[in-house]
Amino acid sequence: MNKLKLNYTSLSFLPILVCIPLGYQLITNIHFGGFKLFQEFLISAFNPKIDNEIIITAINRLNQTFLIGFFSWLVSIIFGAIFGILSSNIFYKIFNIPKFFYSMIRFFLTIIRSIHEVVWGILLMQIYGINFSIGIIAICIPYIAVNSKVFAEQLETINYKSFESINQINAHKFSSLLTLIWNPIINTFKNFGLYRLECSIRSTVILGLFGIGGIGTSIFLSFQTLNFRELWTYLWSLAILIILSGVIYKKIKFNNTNKILSIFFIVVFFITILFSFFYFLFFIFNNNFENFNSVSSLFKSSSNFGLFDFLKLIFDTIILSLLSTGIAISLPPLVIGIFNNNTSKIFIKIFAFLLRLIPIPVILLTLLTFNNPSLSLAALTLGLHNAGITSKLLFTNLDSQDKRNYIAMRSLGISKNTSWLLGLFSQQAKSYLAYCAYRSDIIIRETAIVGVIGGVGLGWQLQESLSSFAWQEVTIVLIAYSSIAIVGELINGKIKNSLT
Amino acid sequence: MNNTLLELKNISYNYKNNLILNKVNLKINSGDKIALLGKSGSGKTTLISVLNGTIKPTQGEVKLFNKSFEQLDRKQKRKITTIWQDLRLIEDLSAEQNVNCGLLAENNFYFAFKNLLNISSFKKAHKYMQLCRLDNSIYNKKIRSLSGGQKQRVAIARSLIQGSNILLADEPFNNLDPKLITTIKNLLLENVDQNTKKSSKTTLVALHRLDLLNDFDKVIGIRSGKIFFNIKRTNLNKLHLDKIY
């Protein structure tokens, strides 16, 4: 008998097997009482509430959301680029700095980004109370570290021989560094900037659900009062904001030979750095630190954790990440492959957009209307939201791919689905899996959000510990979170390297 | 009078347990025009990399102006320039920006900044590009959109603009048509700084084509990382060539 051989294509579909245990638990947990609510939620999507009052509220809330999202994005992308340079190989090679510092800064950034912005937000809110700045700071802290990784990865692609040739000219070290990194930095900004802006706006919405303000808070209040029509007005207006920012971003041609635009960006760059610095000082000196005493007590108070319970929470978080990753990887190719025609594609794209648009907590709360809280439900929520993101990437890559193989297979009379699988998807499978490896890093961090809402894993424990000001427990949970995220990032990094 | 510029003493270089250079001794004097001959993989590129200080030899001593590379300051290191076989241009920059990179050493950080923003002066760069017979229509084109021959000449212009005393060139005539080869060869061997009108005189060129040896004074033959001969060009005969090919 022939041995089973796994290739990238089959590996992209295999994780869908997680749906077997997940589906079983979900079916056993169904309660029919909430179906009517769920139905109402769906119908309201086509019948949002439109009157003057709600439109004005939506505009005001969107304005707040955009401001928090935009400033978080601006600060995090600029400082992300700076930390990206400081954590890239090329910087240490040019300045002959010992590799120890390189490892130190990378480790520090890994810890910072291992904690989700919602966790930072909740933590900062506990210490400083709710204000506008908390939203920006909570997003900026992990985003700077995430962006720095993106920039550093792009800088690692600089050809070593170009470095040698510039180095051999024996120019000033800063001149050499600038000449080598200029284009990779600009290209990263061009390619990832819009995506990061979208992420920033989404994070602002999620933080809004936890009380920071903006459209997220309105969405949450509408959901709490089961006012689904109002909820959909906010969701659609959020969709308009995201689409509009995308259109405007694409309209600005980031041509690095355009002198005026380049000078404008440089001025914005320096103003942002200066402004951030002074704003940070202002924030530090104008906040009361009443609760900070509670934080310092973390070394004194004792924890009520049972070891077994704590290990179970960690185990649950890992399982939650694995199940969600399985759905996020396999669902998009499976659905696109099965419903492989133009009309279905449009519907899948709209559905994927909605999954990306609706904040994770809202998806979870909606599903909770007809299903009991469980790890599977949390995994399904996280998986579906991330499937919306992975499917966007898959569509983009498939649309820009050379279709000659597909056409050749179709001309041989091979079925549409098989031709798609072997003639189109098989060529994308490797890079798709590499992206999914990166995505699973984010999924691990996002378990915090579903944990807080859905009562699962470490996220739930974090919420509990924060509510009771049990700072030692908070610290332990954060260390556990960080450790899982760091180990996950290491494993995913290895997988990604083997795929690229 | 001792006019040795570059000296290799008993140089060996190992890479992944392969001996690429084997006890090489070499002196390059001021004004030498040297042709470096040898088969592909004989160690020509490695020898050039050792000469310009990019590669540290596993064993032996390299001296430039009677000092080891570690003892040289930036100004002294600048006196050596290299045209690499694989060109090593920055693909995302335009041809003129790449040529201007050759001026980074003699200018400050602000110049590098202006060069990237395209607001620096390209007058000098254009002058050298013209010398290399580059058409002005390609000046602001990105390197990745140029042909092999155009890239080759951009790399040559970038080296020449540095006005260094010692020019090392690794197969600089690749991708060039016969007419251009003559022009470029004259340019490399004269190696005159267009501003000071001084000849930097010392040139070492690795090449394959024997018909281009005419204007060189010395010929070095290398095989399996060992120098088999280092003679005047006029003394070169078939027996020498048989040793290395």
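Modeller: The account below begins with the domains of chain A, turns to its helix pairs, and then passes to chain B.

The model is a predicted one. In chain A, the domain assignment gives domain 1, made of 11-46 + 299-500, and domain 2, covering 48-288. Taken over C-alpha atoms, the centres of domain 1 of chain A and domain 2 of chain A are 23 Å apart. Their contact draws 25 residues from domain 1 of chain A and 25 residues from domain 2 of chain A. On the side of domain 1 of chain A that touches domain 2 of chain A, at least two residues each come from helix H3 (35-44), helix H17 (360-367), helix H20 (416-454), helix H21 (457-467) and helix H22 (471-499) of chain A. H22(A) gives the most to this side, with six residues. By class, the side of domain 1 of chain A that touches domain 2 of chain A holds 19 nonpolar, two polar and four charged residues.

Two of these contributors, H20(A) and H21(A), also pack on each other. Their axes come within 6 Å and cross at roughly 60°; H20(A) and H21(A) are therefore oblique to each other. The crossing of H20(A) and H21(A) is right-handed. From H20(A), the contact is made by Thr447(A), Ala448(A), Ile449(A), Val450(A), Gly451(A) and Val452(A), and from H21(A) by Gly457(A), Leu458(A), Gly459(A), Trp460(A), Leu462(A) and Gln463(A). The residues of this contact comprise seven nonpolar, five polar and no charged.

H20(A) has a further partner in helix H15 (residues 307-338) of chain A, the two axes coming within 9 Å and crossing at roughly 155°. H15(A) and H20(A) are therefore roughly antiparallel to each other. H15(A) passes H20(A) in a right-handed crossing. On H15(A), the residues in contact include Thr317(A), Leu320(A), Ser321(A) and Ile338(A), while those on H20(A) include Asn417(A), Trp420(A), Arg439(A) and Thr447(A). The residues of the contact of H15(A) with H20(A) divide into 11 nonpolar, eight polar and one charged.

The meeting of the two chains comes next. The contact takes 20 residues from chain A and 25 residues from chain B. Two or more residues of the side of chain A that touches chain B are given by each of helix H9 (160-168), helix H10 (173-209) and helix H13 (259-285) of chain A. H10(A) supplies the largest share of that side, seven residues. In terms of class, the side of chain A that touches chain B has six nonpolar, 11 polar and three charged residues.

Within chain B, one open sheet has six strands in the order E6-E7-E8-E3-E9-E10, with mixed pairing. Strand E6 (80-83) and strand E10 (226-232) of chain B are the edge strands, each pairing on one side only. Direction ignored, neighbouring strands of this sheet are turned by 15° against each other on average. Strand E7 (residues 166-170) and strand E8 (residues 202-206) of chain B pair in the parallel sense over five bridges, and Ala169(B) has Val205(B) of E8(B) as its bridge partner. Helix H6 (residues 148-160) of chain B packs on the sheet, where it touches E6 and E7 of chain B, and its direction makes about 180° with that of E6(B).

A second open sheet of chain B has four strands in the order E2-E1-E4-E5, with antiparallel pairing. Strand E2 (18-29) and E5 of chain B stand at the edges with a single partner strand each, so one side of each is left without a neighbour in the sheet. Strand E1 (residues 4-15) and strand E4 (residues 59-64) of chain B pair in the antiparallel sense over five bridges, with Gln59(B) of E4(B) as the bridge partner of Ser12(B). E4(B) also pairs with strand E5 (residues 67-68) of chain B, in the antiparallel sense and over two bridges; here Lys63(B) stands opposite Ser68(B). The hairpin of E4(B) and E5(B) has two residues between the strands, and in it Phe65(B) takes a positive phi near 50°.

Key:
Residues numbered from 1 in each chain as written. Chains lettered and ligands numbered in written order. Predicted model: local features only at pLDDT ≥ 70, side-chain atom pairs only at ≥ 80, totals over all residues. Domains from an automatic or database assignment. Contact = placed C-beta atoms within 7 Å. Nonpolar A, V, L, I, M, F, W, Y, C, P; charged D, E, K, R; others polar. Pairing = 2+ DSSP bridges. Axes fitted to C-alpha atoms, helices over the stretch in contact; angles between N-to-C directions. Parallel < 35°, antiparallel > 145°, perpendicular 65-115°, else oblique. Left-handed = near helix turned anticlockwise from the far one by under 90°.
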